[in-house]
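Biologist: I've got the sequence and the model open. Can you walk me through a few spots?

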Amino acid sequence: MWSLSSFIIPFVIIGTIVLSSVVIASAATAKDSGKVKVDVRSGPTKCKKKDKIQVDTLVGIHYRATVDKSSKAGEKGRQLDSSYDKGYAQEILVGRGKVIKGLDIGLIGLCVDAKATLIIPPHLAYGDQGNPPHLPGGVTLKYEVEILTVKPAPPPPPESEFAKIDFNKDGKISVEEAEDYFDQKEQPINIDKLWKDEDKDKDGFISWDEFTGPKGDRPPPQPIKKEPQQAEVSAATIFKDLDIDSDGKLTRKELNVLFVEIGQELTDKFWDDSDLDKDGFVSWAEFIGSKDDSNSSEKDEL
């Protein structure tokens, strides 16, 4: 049986928030914290705690993102994204790695009704890698933000270990997925006994209903298979979706997710043909092959 103790995994915060490094400047005055430059252009600079952005708050925000004039890369002044142009504000969770690190840092301490400009250096935005194919590495970003609402974040959903083990997200756990999961945890497990206890219908898999470990209150959503007539997704979007650990390269296991979704097998020949430098990964350049995507007019939303 699955034991609760066997599923305890350290919670890793993506991007530590250093509150002391953020300087909220008075109106029309900008100070550089050494990380993110924050200039409160209008609105309050002091407010009650309930109206101030902190870690784990949901923030209703309007924003406009451009390449800053100080940037050493990219087209200075070029607009990258804007909630104003979309016609609706966004709601984001601050301080938990849901947005780029510079926003997680720079938004902390701002008050409701404040309008501010954030200058975010490359290492707190998209780094040297950039956001291919439409944003090069080394870009300094400028965010003009308007804080509309601040409220506590809702409690996190129940932990689902099922979703972590079900690597290819097909709604069932295979023997290989379970072995990989316990190998990564360096935890010995008797797979035969586990399957005898958990695989109630003896189909060779453990479904969400059969799974007795922590699994949340509902099955994880299944991947949606696109119909042939639907709009084609860009190669950059597919690559980012497959790159689960966001390290800029695909493992064989990550690439196999695509093949599972389309009902095909990732063969050794396809992998060998894709991994041109034989380093065990498929890079972005290898993923798109010889196709030059640098002049593509298609732009993914940032």
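**Helix α7 and beyond**

Modeller: In helix α7 (residues 252-261), E254, L255, V257 and F259 are buried, buried being under 20% relative accessible area, exposed over 50% and partly exposed in between (1.4 Å probe, protein chains only). Helices (H or I, at least four residues) and strands (E, at least two) are DSSP runs, numbered from the N terminus. This is a predicted model, where local features need pLDDT of at least 70, side-chain atom pairs count only at pLDDT 80 or more, and totals for chains, interfaces and linings use all residues. Residues are numbered from 1 along each chain as its sequence is written, and side-chain values use heavy atoms, with hydrogens and water left out.

Biologist: Where is D113, and is D113 buried or exposed?

Modeller: D113 sits in the loop between α2 (101-106) and β6 (115-120). Its phi is near 80°, a positive value in a residue other than glycine. Because its relative accessible area is 55%, D113 counts as exposed.

Biologist: And S246: what is its relative accessibility?

Modeller: S246 is in the loop between α6 and β10. Its phi is positive too, near 55°, in a residue other than glycine. S246 counts as exposed because its relative accessibility is 59%.

Biologist: How exposed is E179, in helix α4?

Modeller: E179 lies in helix α4.
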